[in-house]
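Visitor: I am new to this structure. Please pick a single part, look at it closely, and then show me what surrounds it.

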Amino acid sequence: MAEGHKSLNLTLRVWRQANRQAKGEFKVYNVKDISTEASFLEMMDILNEQLINEQVPEGPVAFDHDCREGICGMCSLFINGRAHGPDDDITTCQLHMRKFNDGDTITIEPWRSGGFPIIKDLMVDRTAYDKIMQAGGFVSVSTGGVPDANAIPISKVIADEAMDAAACIGCGACAATCKNGSAMLFVSAKVSQLALLPQGKVEAAKRAKAMVKKMDELGFGNCTNTGACELECPKSVSISHIARLNREFLKANIKD
Amino acid sequence: MAQLDSKIPEGDLKDKWTNYKEHQHLVNPANKRKIDIIVVGTGLAGASAAASLAEMGFKVKAFCYQDSPRRAHSIAAQGGINAAKNYPNDGDSVYRLFYDTIKGGDYRAREANVYRLAEVSNLIIDQCVAQGVPFAREYGGLLANRSFGGALVSRTFYARGQTGQQLLLGAYSALSRQIGLGNVEMHSRTEMMDLVMVDGRCRGIVTRDLLTGEIKSHFAHCVILATGGYGNVFFLSTNAMGSNGSAAMKAYRKGAYFANPCMVQIHPTCIPQHGNYQSKLTLMSESLRNDGRIWVPKKKEDAEKLQKGLITANDIPDEDRDFYLERRYPAFGNLVPRDVASRAAKERCDAGFGVNNTGLAVFLDFKYAIQRLGKDVIEQRYGNLFQMYQKITNDNPYETPMMIYPAIHYTMGGLWVDYELSTSIPGLFAAGEANFSDHGANRLGASALMQGLADGYFVLPYTVQEYLADQFNVPRMNPAEHEEFKKAEQDVKDWIDKLMNVKGKESVDSIHKRLGHIMWENVGMGRTKESLETAIKEIKELREEFWKNVFIPGSKDGLNVELEKANRVADFLELGELIARDALHREESCGGHFRLEHQTEEGEAKRDDEHFMYVGAWEYKGYNQDPELHKEDLNYQYIKVQQRNYKAGK
């Protein structure tokens, strides 16, 4: 593993913004001897350790992260103009420094989307996604009194497709990437997962309508099928789910 | 040394939980609205408890430190969830799941709790399917199962390699529904800083808003801690960066007993460490051991060449490969429990057979499974795990074997709870990994998800109600006017000022890394009296240093990540010592607790049932004071206690 290990000296242009109201700006920092084996966020840790030791007035860089294995959806950086950086099908925390070259300048920004206001530096507020989920992202069953798990056979193909949609980690890369700031990929992933399964089908149309309504209320833009979201989705959620969402949404409106 | 009362219900093992439910006290629907419940943590246990209790009509306030309840670290569990459905018709039953769990835990878990866990396991699968969790299915449309370590049946349900994610999103969806309905008040990016005690009962918590720094207290008739495990005391672990032991430690300081803190699980299949700047370790699911074969070279010269990078795994012919788990444990082979597999890897590496440049790695090889089943089947089963591995290491596991090494993963120890999941503080409950109750000295794979959801969906909704049955007459207290609440808030403010005022020179992470190093070297996979005494001494010194020399930039108002970390590390610095003390007092080896002085001639863990068949629960006695040990004897009535044997089939 270590055979190909190299050291990088890098220039980082990092977005610094004290709070939501403050005016932000890029600050330039240099980091040295970063191993190509390190993850991108480990490089950020090294930067922060440096900023703490130097006691710079702006303090360490605030950024969201938690599981560091690509599943919690908390990390959220725009790196050199791409959500989750210059690699495919991964989150920022899975990005490794071997994707960069010695002497590179790396530009690091927060998600920029009307639906996700900046909290500080690279940290944004994504509670809008929670609110959309609260509006309908569930099957209305309570604990207990449900049928045996094998009572409803579900074809493997359908179950697999539902799983593809359910893989969404709610990171927000889709809305952050979309030129319209649309959250359609996120919303469609949940609507589609539950509409595919018999358990969720019962209230599929109602769900689609409620979630889309909430999404609109929260200031996300409309989908114009550019497909950028699908490209940047770390879990490869397909825009075909948006088509299914549109069908369910249409059904709901025809019923009205 | 007092004996603890675990409040196990009367009756035959099979009837205890039924008897409990049939005779417990209930709260009528109109009164439920008058009762507040606080749930701290929104992982599997917390989210499922919060949702279920809200559905029943209680008023719930839920708290998490992440930006959304969906991000709790349960989400990272990969392999699966156990249940005794016996769908594959391979001989499973509630009793067998109970038996495997007790045996896997090396006879250090409480029979009645574990039986209840096995009993409700089937309900969990039903519940999750009803929520729309997309479990793996067979072509006939029914649910698929796979096998896991420590079991001879296939009882593990899974959703690709993302089972934890799917189960958590199921619980999160139920929680979201209740938030939307106004039955749960959700506080994200909020950290619990202390408990509030009124007349000997837990009546609320004090929190810090991680964005504004505001210190605030909240009232509830009872509090549930579902705050996960404390593996990050070792700095490097498979836990999320924010996972911490602080809620448990704050409860411990308020009088809740801490049980079996030394029972820490070291997971055998993690990606090896690659540098000292590393911030966390990544787990590769145990499910990989279904099809992967673990080996190191038979010849030391081959190992040395591997370490120097002169040859690769594929240069070593099959006859020169030592499949040491299959050799040592023919009956279970690569599917021995985690503690056994971890120690066996360490044994080979310590003997000089490690396969990477640090000498701290073994191979997990899919060549044979790909030959047997084809690449497509392997990709279907483990595709996302292989992708993750490749992104991290730049190696392609379809072509060269994975390299793995054990890492800290899960903590079986936790807050002591009785059968009702009540801690030793009335009104304070603990669920999921935060309690100690079901896994004894070692947890079996796919059992953490089972326990978290069992506690939240099917145990707490009953036992909490029993506690609350006489509480509806207690009027809601106003934290702004109540002396105890105001005092608790002030204590938290003082604690934060104390941290901010150290104004030293060393960063929090730097001290945390040093703590992790002490822990891993002295309280890790092989412990001795000497190493544990060293650990206790060095942790004490490091703790003094922390309080003299930690540096926290910025201010206490507003977002300050360094302050958040400092609060957690301050607690870890006490918890680490407690772990070492517990390990020192337990003069035996059992499960994940391995004392080098206590092993069989073959190098297996040697229990001392005569002296240590008990739960060790520690009572806090003050800062830098020796804690007091309380014992809960374990009486096995329904299971024959024997030495764990994974070698023979009969």
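Guide: Start with one term: two residues are in contact if their C-beta atoms, placed from the backbone, lie within 7 Å. Keep in mind also that this is a predicted model.

The part to look at is helix α15 of chain B, residues 508-522. Count 15 residues along α15(B). From the first C-alpha to the last, the helix reaches 21 Å. That is close to the 21 Å expected at 1.5 Å a residue.

Now ask which residues of α15(B) are buried. A residue counts as buried if 20 or more other C-beta atoms lie within 10 Å of its own. In α15(B) the buried residues are B:Val508, B:Ile511, B:His512, B:Leu515, B:Ile518, B:Met519 and B:Asn522. Around the helix axis they cover an arc of only 120°, so they sit on the same side of α15(B). What do these buried residues pack against? Their partners are two helices of chain B, α16 (529-549) and α17 (561-585).

Step back to the domains. The assignment for chain B gives domain 1 (267-408) and domain 2 (483-612). The centres of the two domains, taken over C-alpha atoms, are 31 Å apart. Where they meet, six residues of domain 1 of chain B are in contact with five residues of domain 2 of chain B. Helix α10 of chain B, residues 338-350, supplies the largest share of the domain 1 side, with five residues. By class, that side has one nonpolar, one polar and four charged residues.

The largest nonpolar core holds 301 residues. To this core α17(B) gives the most, 13 residues. The members that touch the most other members are B:Ile224, B:Leu225 and B:Leu415. Setting aside residues up to four places away in sequence, B:Leu415 touches a list of residues that includes B:Leu225, B:Ala248, B:Phe258, B:Thr423, B:Ala430 and B:Phe436. In soluble globular proteins, nonpolar side chains tend to be buried together.

Two loops of chain B deserve a stop. Most residues other than glycine have a negative phi. B:Tyr107 is not a glycine, yet its phi is positive, near 60°. B:Tyr107 is in the loop between α4 (94-104) and α5 (111-131) of chain B. Is B:Tyr107 buried or exposed? B:Tyr107 is buried, because 23 other C-beta atoms lie within 10 Å. B:Ala446 also has a positive phi, about 70°. Its loop runs between β18 (428-430) and α13 (448-468) of chain B. B:Ala446 has 28 C-beta neighbours inside 10 Å, so it counts as buried.

Last, cross to chain A. Here 68 residues are in contact with 70 residues of chain B. Among the elements that give two or more residues to the chain A side are α1 (40-54), α2 (127-136) and α5 (184-196) of chain A. α1(A) gives the most, with seven residues. The chain A side divides into 31 nonpolar, 21 polar and 16 charged residues.

Look inside α1(A) for a moment. A:Met43 lies in this helix. With 23 C-beta neighbours inside 10 Å, A:Met43 counts as buried. Not counting residues up to four places away in sequence, A:Met43 touches A:Val31, A:Ile34, A:Ala38 and A:Met97. A:Met43 and A:Asp33 are ten residues apart in sequence, and their C-alpha atoms are 9.9 Å apart in space.

Now take chain A as a whole. Chain A has nine helices and seven strands. Its C-alpha trace spans about 60 × 45 × 35 Å along the principal axes. Of its 256 residues, 55% are buried. Consider contacts in chain A between residues at least 6 apart in sequence: 70% of them join residues at least 24 apart. Chain A is divided into domain 1 (7-120) and domain 2 (127-255). The centres of these domains are 30 Å apart, taken over C-alpha atoms. Their contact takes 18 residues from domain 1 of chain A and 17 residues from domain 2 of chain A. The domain 1 side divides into seven nonpolar, eight polar and three charged residues.

Methods. Residues numbered from 1 in each chain as written. Chains lettered and ligands numbered in written order. Predicted model: local features only at pLDDT ≥ 70, side-chain atom pairs only at ≥ 80, totals over all residues. Helix = DSSP H or I, 4+ residues; strand = E, 2+ residues; numbered from the N terminus. Expected span 1.5 Å × (residues − 1). Buried ≥ 20, exposed ≤ 12 C-beta atoms within 10 Å, placed from the backbone. Arc of directions from axis to C-beta. Nonpolar A, V, L, I, M, F, W, Y, C, P; charged D, E, K, R; others polar. Core = buried A, V, L, I, M, F, W, Y, C linked by C-beta atoms within 7 Å. Domains from an automatic or database assignment.
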